[in-house]
Amino acid sequence: MSRSSSPASPSLAERAIVIDGALPAGPFAVLECRPLGSMASSNVCWGIADQLGERGWPAALLTESDPIEPAVAAVLGFAGEMPVLVVVRDACVHPWQTAVIDAFVDARPNSVVVVEFGWPSVRPAGCAAFVVTHGAARSSTQAVLDCLFEKES
C-alpha cells in the first residue's frame with residue numbers, strides 16, 4: 001500500500017513512535033547496525049541510513065561480523081561536533097548492537113540518540129534520546145525521518 005492510498009498508516013506510525021529524552025537537532029553522524037534476517041524479518045528492507053546519506057548526513061553500516069571499535073572510531077571521526085545516531089533493530093536480541101550503543105555512549109555521553117526499529121528494551125543509559133518505532137514498516141521509517149528532519153538545524 002502506498003502512503004497516499006492509506007492516510008491512516010502514516011498517522012498510526014507517527015503515533016506509535018515514542019521518544020524518551022531530548023532529541024537534539026540534526027544533522028547526525030549515523031551508524032546503522034544491520035543484524036542478519038530471521039524467520040520473522042527475513043529479507044525485509046528496513047532502516048534509514050540510505051535516506052540520511054542522500055540528505056548529506058554521514059552514514060555507515062555495521063554488521064555483526066564487522067569489528068565494533070574501528071567502526072565506532074570512524075563514525076566519531078567524521079561526526080565532529082554532530083550528535084551520533086545509532087540505528088538498531090532488536091538490540092535486546094542481538095548483544096553486539098548493545099555493545100555498539102555502549103561504545104558510543106562511553107565515548108560521547110548524552111550526545112547519542114538510539115533509534116530502535118525492533119522490539120524495544122529499556123532506554124540505554126547515557127544516551128540523549130531513545131526513539132522506539134514499534135516496527136520497521138515503511139510508514140515507521142518515514143515517521144522517524146520526519147521527526148529527525150523536523151529538528152534539523
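**Helix packing and backbone features of the predicted chain**

Arg138 has its place in helix H5; helices (H or I, at least four residues) and strands (E, at least two) are DSSP runs, numbered from the N terminus. The structure is a predicted model, in which local features need pLDDT of at least 70 and side-chain atom pairs count only at pLDDT 80 or more, while totals for chains, interfaces and linings use all residues. Residues are numbered from 1 along each chain as its sequence is written, and side-chain values use heavy atoms, with hydrogens and water left out.

At 72% relative accessibility, Arg138 counts as exposed; here buried means under 20% relative accessible area, exposed over 50%, and partly exposed in between, with a 1.4 Å probe and protein chains only. Arg138 and Ile48 lie 90 residues apart in sequence, and their C-alpha atoms are 9.9 Å apart in space. Helix H5 covers residues 138-150, has 13 residues and reaches 18 Å from its first C-alpha to its last, close to the 18 Å expected at 1.5 Å a residue; the expected span of a helix is 1.5 Å times one less than its number of residues. Its buried residues are Ser140, Thr141, Ala143, Val144, Leu145 and Leu148.

For the chain as a whole, the secondary structure comes to five helices and six strands. Read along the sequence, these follow the pattern α-β-β-α-β-α-β-α-β-β-α. Of the 153 residues, 42% count as buried. Contact means heavy atoms within 4.5 Å, and among contacts between residues at least 6 apart in sequence, 71% join residues at least 24 apart.

H3 (residues 68-79) has twelve residues, and from its first C-alpha to its last it reaches 16 Å, close to the 16 Å expected at 1.5 Å a residue. Ala71, Val72, Val75 and Ala79 are buried in H3. Seen down the axis of H3, the buried residues fall within an arc of 95 degrees, so they line one face of the helix; the arc is that of the directions from the helix axis to the C-beta atoms. An α-helix has 3.6 residues a turn, so residues three or four places apart point the same way. On the other side of H3, Glu69 and Gly77 are exposed. The cover over the buried residues of H3 includes strand E2 (29-34), strand E3 (59-63), strand E4 (84-88) and helix H4 (95-107). After H3 comes Gly80, whose phi is positive, near 60 degrees.

Helix H4 has 13 residues and reaches 19 Å from its first C-alpha to its last, close to the 18 Å expected at 1.5 Å a residue. Trp96, Gln97, Val100, Ile101, Phe104 and Val105 are the buried residues of H4, and they pack against E2, E3, H3, E4 and E5. Gln97 has a relative accessible area of 0% and is therefore buried. Leaving aside neighbours within four places in sequence, Gln97 is in contact with Cys33, Pro35, Val88, Arg89, Asp90 and Ala91.

The axes of H3 and H4 come within 10 Å and cross at roughly 45 degrees; axes are lines fitted to C-alpha atoms, for helices over the stretch in contact, and angles run from 0 to 180 degrees between N-to-C directions. The two helices H3 and H4 are therefore oblique to each other, given that angles under 35 degrees count as roughly parallel, over 145 as roughly antiparallel, 65 to 115 as roughly perpendicular and the rest as oblique. The crossing of H3 and H4 is right-handed, that is, the near helix is turned clockwise from the far one by less than a right angle. Ile68, Val72, Val75 and Leu76 in H3 meet Trp96, Ala99, Val100, Ala103, Phe104 and Ala107 in H4.

Some backbone details in the loops also deserve a look. Most residues other than glycine have a negative phi, and most peptide bonds are trans. The peptide bond from Gly26 to Pro27 is cis, with omega near 10 degrees, and Pro27 is found in the loop between strand E1 (18-21) and E2. Asp90, in the loop between E4 and H4, is a residue other than glycine with a positive phi, near 60 degrees. Asp90 counts as partly exposed, at 22% relative accessibility. Asn110 lies in the loop between H4 and strand E5 (112-116), and its phi is positive, near 65 degrees. With 57% relative accessibility, Asn110 counts as exposed.
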